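Have it open while you read.

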Amino acid sequence: MSATRKLAFNDQRALQLVLGSPRDAKRVAVELERATGVSLHVRGSELTLEGDEDHFDLVQRLLEQMFRLARKGRPMIPSDVARGLEILREDPEAELDAVYEDVVITKSSGKTIAPRSLAQKRYVEAMRRNHLVFGVGPAGTGKTFLAVAMAVRRLQDKQVRRIILSRPAIEAGENLGFLPGTLEEKVSPYMRPLYDGLYDMLDGPKVQRMMEQGVIEVAPLAYMRGRTLNDAFVILDEAQNTTREQMKMMLTRIGMGTWTVVTGDPSQRDLGGREKSGLNHALRVLSGVPSISVCRFTGNDVMRHPLVQDIVRAYEHDERERAERREERRNDDRRSH
């Protein structure tokens with residue numbers, strides 16, 4: 001027999017903001033039941049929890065914190081419900097407003113960019129604190145987007161004089177000289193994800209003007225060789241596709257007053273042959289260096305369609321199983337010898 005618990009809220013308007021429209025309220029209830037086995041029933045300013053009593057405390061903490069956010073005028077959207085649950089599962093003492101209200105930048109539209117998971121919160125804090133940060137994990141976790149947001153914020157605050165965005169143009173073999181057009185025309189298809197982040201945060205004409213003035217530079221990794229990057233915010237994206245030599249070259253470009261963020265997903269390496277990833281190598285050899293921060297993301301931090309989370313988790317599970325089988329084979333080989 002399922003248990004019940006009643007929760008009373010003293011502000012019906014704020015409660016309506018928590019649950020949203022009738023359609024959104026249904027989505028919130030469905031998401032809660034799917035994630036916790038607890039169903040939600042609403043009557044006026046009273047909520048009734050029904051189902052798995054072991055999860056009542058978790059659901060109550062989530063609803064009470066959502067209520068506080070709504071009263072501050074920052075209601076969570078239905079898709080944030082699962083992420084809020086993940087945060088509170090990982091850290092029962094966590095305060096959601098400390099995560100969701102940690103604004104990195106306010107976009108030209110007036111909307112704010114802020115962390116939406118504990119991993120993103122730690123990543124933002126690391127970028128504020130350390131001059132070299134690695135953001136490592138699956139696609140869709142906000143690694144590049146938040147790095148671009150932090151770069152724009154430091155530029156607006158006059159903490160840096162320019163933003164440099166780079167990635168290895170591996171699809172073109174890093175040899176773009178034979179292609180027709182200007183440098184920007186040659187590299188644009190490979191740099192599109194970085195452009196997208198900039199245009200999402202700044203007005204299009206402003207981005208174009210800043211690029212013409214050299215305040216924003218988007219270039220493939222090969223064009224960084226021989227330079228010293230001073231007073232800049234540098235982002236190296238898709239770093240899993242760098243070689244060891246390229247990674248060392250890029251990291252040794254860092255000059256005075258420069259902040260650097262390196263992002264990548266080791267599971268999506270596109271290097272050919274037996275070439276080793278410069279990202280994996282850097283994470284290993286730099287692990288003991290002070291003032292370098294490594295922030296790791298998992299499938300739980302994916303901010304795209306919920307289906308993407310399930311896809312990432314399925315691939316992570318497959319990778320773990322394959323790693324276990326490889327280890328078993330190695331152990332069998334040792335025993336046979």
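The points below go through the domains, then some contacts within the chain.

1. Ground rules first. This is a predicted model, where local features need pLDDT of at least 70 and side-chain atom pairs count only at pLDDT 80 or more, while totals for chains, interfaces and linings use all residues. Numbering runs from 1 along each chain as its sequence is written, and side-chain values use heavy atoms, with hydrogens and water left out.

2. The protein chain splits into domain 1 (3–101), domain 2 (111–301) and domain 3 (304–336); the bounds come from an automatic or database domain assignment.

3. Domains 2 and 3 touch: seven residues of domain 2 contact five residues of domain 3 (contact being heavy atoms within 4.5 Å). About 480 Å² is buried between them, with carbon and sulfur atoms giving 44%; buried area is the accessible area (1.4 Å probe) that two parts lose on being put together, summed over both. On the domain 2 side, G140, G299 and N300 lose the most area, together 69% of what that side buries.

4. What holds for charged and polar pairs here? Between domain 2 and domain 3 there are zero salt bridges (a side-chain nitrogen of Lys or Arg within 4 Å of a carboxyl oxygen of Asp or Glu). The touching side of domain 2 has two nonpolar, four polar and one charged residue; in this scheme Ala, Val, Leu, Ile, Met, Phe, Trp, Tyr, Cys and Pro are nonpolar, Asp, Glu, Lys and Arg charged, and the others, Gly among them, polar.

5. Elsewhere, the salt-bridge count comes to 21. One to look at is E101 with K72, their closest N and O atoms 3.7 Å apart. E101 sits in the loop between α5 (96–100) and β4 (105–106), and K72 in the loop between α3 and α4 (80–90), 29 residues apart. Helices (H or I, at least four residues) and strands (E, at least two) are DSSP runs, numbered from the N terminus.

6. The whole structure has two aromatic pairs, meaning Phe, Tyr or Trp rings (six-membered for Trp) with centres within 6.5 Å; planes under 30 degrees apart are stacked, over 60 edge-to-face and the rest tilted. F9 and F67 have ring centres 4.8 Å apart and planes at 50°, so this pair is tilted. F9 lies in the loop between β1 (3–8) and α1 (12–19), and F67 in helix α3 (residues 56–71), 58 residues apart.
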